[in-house]
Amino acid sequence: MSEDYVLGISAFYHDSAACLLRDGEIVAAVSEERLSRKKGDAGFPRRAVEYCLAAAGIGVSDLAAVGFYDKPLLKFERILESYLGVAPRGFTSFLRAGPLWIKDKLYIDRRIKEGLGHTGDILYSEHHEAHAASAFFPSPFEQAAILTMDGVGEWATASIGIGRGDDIEILDELHWPDSIGLLYSAFTYYTGFKVNSGEYKVMGLAPYGEPKYVDRIYNELMDLRADGSFRLNQKYFNYLTGLTMTSRAFDRLFGGPPRLPESPLTQRDMDLARSIQVVCEEVMLRMARTAHRRTGLDNLCMAGGVALNCVGNGRIQREGPFRNIWIQPAAGDAGGALGVAQLIHHRHLGKPRVVVPGHDLMKGSYLGPAFTPEQIEAFLRSAEAHSVRLDDQAMLEAVALRLADEKVVAWFDGRAEFGPRALGSRSILGDPRNPRMQAQMNLKIKYREGFRPFAPSVLRERVADYFELDADSPYMLLVAPVRSDRRIPLTAEQHKFWGIDRLNVPRSDIPAVTHIDYSARIQTVTRETNGRYYDLIKAFEQRTGCGVLVNTSFNVRGEPIVCTPADAYRCFMRTNIDALALGPFLLEKAAQPQWTDSAEWQRELEID
Ligand SMILES: [Fe+2]
């Protein structure tokens with residue numbers, strides 16, 4: 001019997017990706033940025049498609065169907081109507097946005113066919129349908145409520161739906177320009193971070209601030225209803241008409257112009273971050289309650305960029321009405337490639353869905369490129385790098401020893417993760433008990449803002465020993481508090497500290513992964529799903545008694561997570577990482593030959 005291969009593509013907006021299904025099983029999925037090394041690459045995902053086909057050993061002619069994650073004509077209609085609706089204010093920016101759309105986006109069909117060399121039809125799903133599909137179909141639930149939230153697709157900016165067996169149904173949508181994703185992005189812009197990638201920084205900054213502006217947001221910016229839907233007062237925004245997110249009226253309301261990127265953060269920026277985070281959480285909670293009321297189900301699936309707001313997710317988990325929550329790890333637009341492929345598999349090809357209770361179908365999100373020891377060895381030889389080859393057990397012990405000795409180790413193992421989080425395939429690791437680790441990893445290794453917290457990877461069976469959580473969080477998408485008996489209360493003196501000054505006060509016996517408000521963004525790790533990464537944490541636990549590691553993505557600021565051995569070696573050599581485990585090869589920094597591009601590299605970092 002021949003196999004059905006379905007290729008899903010997301011592209012031309014942000015976060016291009018490809019995903020391949022074989023009889024419904026996810027064979028491969030990867031974002032184009034990992035391969036092109038262009039952060040947020042939005043072009044046609046040629047390399048991602050090539051990788052997916054090669055991983056399955058097939059060619060384009062073997063594909064039963066090709067799908068695209070949104071409907072370009074609907075999106076064009078939205079853009080056109082938005083601009084016409086507010087003309088002549090919108091005219092200037094339409095002239096700039098228009099030609100790009102007409103040339104690059106309206107003829108998506110032709111571009112995909114040309115890009116692929118595919119002669120068959122391209123099937124299109126709606127943007128939020130693709131998000132909803134990616135949330136429900138790979139989940140461990142037979143039935144579930146579905147909540148999607150993002151910036152915008154064609155018209156929808158959020159949706160509530162229901163998944164049952166082989167199909168999903170969208171019940172309700174919130175439409176552009178009322179968008180929680182865009183509201184959050186407006187504050188991201190206003191606090192001086194990059195829209196579409198800096199939202200995470202705003203969330204990380206929020207606990208340093210006070211929710212001073214919450215009332216102003218509710219009174220002036222938005223009309224929030226009990227069901228979580230809302231209207232935004234467009235007088236304060238500029239995304240309909242201009243090339244910035246916020247308007248002069250917004251500046252007046254919050255007392256000044258946007259923070260210039262890279263200028264010092266002030267308490268006001270932190271208060272703004274806290275305020276928008278509080279509002280975002282409230283919207284998320286209300287929408288989740290509405291999804292529960294509309295469906296009457298105890299399971300919730302989530303996707304869309306706002307589902308990466310793991311603080312909000314944690315609140316839905318603790319305070320919301322659902323018993324179980326599952327969140328698509330590639331919750332942003334890359335995950336749309338998976339969603340549309342699954343919709344085609346179930347709806348267009350009419351194939352049944354397999355549900356394994358308690359297990360999702362994402363394979364730990366380890367769906368990207370992997371490299372054999374021979375490939376790694378060939379690279380190391382060409383780079384004239386110094387390494388030793390170790391057997392499995394010796395490698396685990398060598399890395400655990402270094403981590404226990406306060407060293408920072410980069411860990412490159414198996415298939416790259418699909419989605420924005422590093423989950424133990426392309427990770428930089430450290431000892432969470434070390435009070436200096438957070439500052440050291442931020443400033444000397446990641447070259448990023450010192451306030452940003454790190455996440456713990458914890459053995460699943462020990463999660464409740466460290467955190468107020470006893471559930472799975474395999475994709476680092478839930479935030480929960482560190483257990484109160486592990487916290488170190490602030491002294492009277494420290495209580496007087498504000499904002500960033502609190503950063504260097506140890507907050508628990510695992511300070512490197514305890515955020516300023518005692519929260520942690522948790523990845524639970526199991527032997528079954530995470531394999532060698534589990535064994536590594538176990539080896540560290542045997543040596544130290546601590547079943548937790550600091551896990552941050554293997555990249556520096558502004559760069560996509562590393563994908564190949566060459567990317568990994570370059571990042572290792574450009575930073576203060578002490579050792580690199582590259583498959584079965586261990587590399588010590590001190591033993592490596594001189595690295596030469598650091599001056600150019602410093603300039604790149606400054607520009608970012
Ligand atoms: Fe989206």
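Two strands pair if DSSP finds at least two bridges between them, and strands themselves are DSSP runs (E, at least two residues) numbered from the N terminus, as are helices (H or I, at least four). In this predicted model, local features need pLDDT of at least 70 and side-chain atom pairs count only at pLDDT 80 or more, while totals for chains, interfaces and linings use all residues. Residues are numbered from 1 along each chain as its sequence is written, and side-chain values use heavy atoms, with hydrogens and water left out.

With that out of the way, here's the sheet: five strands in the order 8-7-6-11-12, open, with mixed pairing. Strand 8 (167-175) and strand 12 (324-327) sit at the edges with a single partner strand each, so one side of each has no neighbour in the sheet. On average, neighbouring strands are turned by 20° against each other, direction ignored (axes are lines fitted to C-alpha atoms). Strand 7 (residues 156-164) runs antiparallel to strand 8 over eight bridges, and Gly161 faces Ile170 in strand 8.

## The iron site

Four protein donors hold the iron ion at 2.1 to 2.2 Å: His127 (NE2), His131 (NE2), Asp150 (OD) and Asp333 (OD). Donors here are N, O and S atoms within 2.8 Å of the metal (3.2 Å for Na, K and Ca), and since water is not among the atoms, sites may look incomplete. Along the chain, the donors follow H-x3-H-x18-D-x182-D.

The angles among the four donor atoms run from 90 to 167°, and the site is irregular. Four donors count as tetrahedral if all angles lie between 85 and 135 degrees; four count as square planar and six as octahedral if opposite donors are over 155 degrees apart and all others between 65 and 115; anything else is irregular.

His127 and His131 are four residues apart in helix 6 (residues 127-136), so about one helical turn separates them. His127 is buried at 0% relative accessible area, and His131 is buried at 0% as well. Buried means under 20%, exposed over 50%, partly exposed in between (1.4 Å probe, protein chains only).

## Aromatic rings

There are 17 aromatic pairs. Rings of Phe, Tyr and Trp (its six-membered ring) pair if their centres lie within 6.5 Å; planes under 30 degrees apart count as stacked, over 60 as edge-to-face and the rest as tilted. One cluster links Phe187, Tyr190, Tyr213, Phe237, Phe250 and Phe254 through ring pairs.

Note on methods:
Axes are lines fitted to C-alpha atoms, for helices over the stretch in contact, and angles run from 0 to 180 degrees between N-to-C directions.
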